Amino acid sequence: MKTISYDTIVAQVRDLCIKAATRLPSDARSAIQAAVRAEKSPLGKSILEKCLTNADIAEEQQVPICQDTGIAVFFVEMGTDVHISGGSLKEAIQQGTKQGYKDGFLRNSIVSDPIFGRKNTGDNTPAIIYLSSVKGDRLKITLAPKGGGSENMSAIAMLKPSQGEEGVIDFVVHTVTMAGGNPCPPTVVGIGVGGTFEKAAFLAKKALIRELGQPNPDPNYADLENRILARLNDSGVGPQGLGGKATALAVHIEHHPCHIASLPVAVNLNCHAARHATILM
């Protein structure tokens, strides 16, 4: 049994919040660099180069890549042989989020009620925490800050099973192209297929934390990812919606068994920064 203290988790999550906000992940950097090389539009190429310059400045000066430092979304895998001492895991993550957003001078973007009052909580909590139990004695915490611009372009559809893969492709392409420049393309496109209404949405968000361009292990879904990516990058939306080839950096699909009468499909978008960071304990 491994014991991890509450205070250790708080400190690590604090640092994780600052890191995710100020450092462009290496996979996102590589994807943008590849997009620069492939981009034919002079304006599109210039925009992509400025995205990289902005990321360099953010890391050098320890300032956020984007003013919208997002809602803190955590994917947590806790081993069955892990014990948290001194407090609960979820409380530690919330406290670490409070400290990280304060100490990193990150924008607080969370309102306490979605309709009535909409008063800012002042510390960017509560964070969204997805906790799963796994075998072993490790604790893995991945933070994916989610900005409002890309999150607002999400969509879900309950397709008819007869619509099949072409129906999925058409829905995803329509969702991304209609979003235009709102999610700050080139985007990372997370797609959840199957399960139920809420499961598909979860899978779409989880798909965004996969390493950019890492194909689905199922060759059928890997092929579908490539076909959707090609359609998106032939759409002409381009960087920041101003035309060009780089509409999407990657397409990631996660899937789950579903009811015989259903074909749920969800789309969740990340902006070009594709912020995420992970700690292992």
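A residue is counted as buried when its relative accessible area is under 20%. By this criterion A274, with a relative accessible area of 1%, is buried in the predicted model. A274 is not a glycine, yet its phi is positive, at about 45 degrees; the residue belongs to the loop that runs between β9 (263-270) and β10. A positive phi, near 55 degrees, is also found at Q240, again a residue other than glycine. Q240 sits in the loop between α8 (219-233) and β8 and is partly exposed, its relative accessible area being 26%. Most residues other than glycine have a negative phi, and most peptide bonds are trans.

Cis peptide bonds occur in two further loops. The bond from T125 to P126 is cis, with omega near 10 degrees, and P126 is placed in the loop between α4 and β4. P185 and P186 are likewise joined by a cis peptide bond, with an omega of about 10 degrees; P186 lies in the loop that separates α6 (164-179) from β7 (187-195).

The largest nonpolar core comprises 28 residues, and I9, F74, I93, L139 and I141 have the most contacts inside it. Two or more residues are contributed by each of α1 (6-22), β2, β3 (82-85), α4 (89-103), β5 and β10, with α1 giving the most, 8 residues. Neighbours within four places in sequence aside, F74 is in contact with V13, L16, C17, I93, T97, A127, I128, I129, Y130, I141, T142 and L143. A second, separate core of 22 residues includes V172, I191, V265 and V267.

Helix α2 (residues 26-38) was examined for its length and its burial. Within α2, the buried residues are D27, A28, R29, A31, I32, A35 and V36. Among the elements that cover these buried positions are α3 (42-61) and β8 (248-258).

The largest pocket has a volume of about 380 Å³. It is lined by 16 residues, of which F75, E77, K140, K206 and I209 are the closest to its centre. The elements that give two or more residues to this lining are β2 (73-79), β4 (128-134), β5 (139-143), α7 (197-207) and β10 (277-280). In composition, the lining divides into 7 nonpolar, 4 polar and 5 charged residues.

Definitions and conventions
Residues are numbered from 1 along each chain as its sequence is written. This is a predicted model: local features need pLDDT of at least 70, side-chain atom pairs count only at pLDDT 80 or more; totals for chains, interfaces and linings use all residues. Side-chain values use heavy atoms; hydrogens and water are left out. Buried means under 20% relative accessible area, exposed over 50%, partly exposed in between (1.4 Å probe, protein chains only). Helices (H or I, at least four residues) and strands (E, at least two) are DSSP runs, numbered from the N terminus. Contact means heavy atoms within 4.5 Å. On a 1 Å grid over the protein atoms alone, a cavity is a set of points where a 1.4 Å probe fits but cannot get out, and a pocket is an open set with protein on both sides within 12 Å along at least five of seven lines; lining residues have an atom within 4 Å of a point. Grid points are joined across faces, edges and corners, and a volume is the space filled by probe spheres set on the points. Ala, Val, Leu, Ile, Met, Phe, Trp, Tyr, Cys and Pro count as nonpolar, Asp, Glu, Lys and Arg as charged, and the others, Gly among them, as polar. A nonpolar core is a set of buried Ala, Val, Leu, Ile, Met, Phe, Trp, Tyr and Cys residues joined through side-chain atoms within 4.5 Å.
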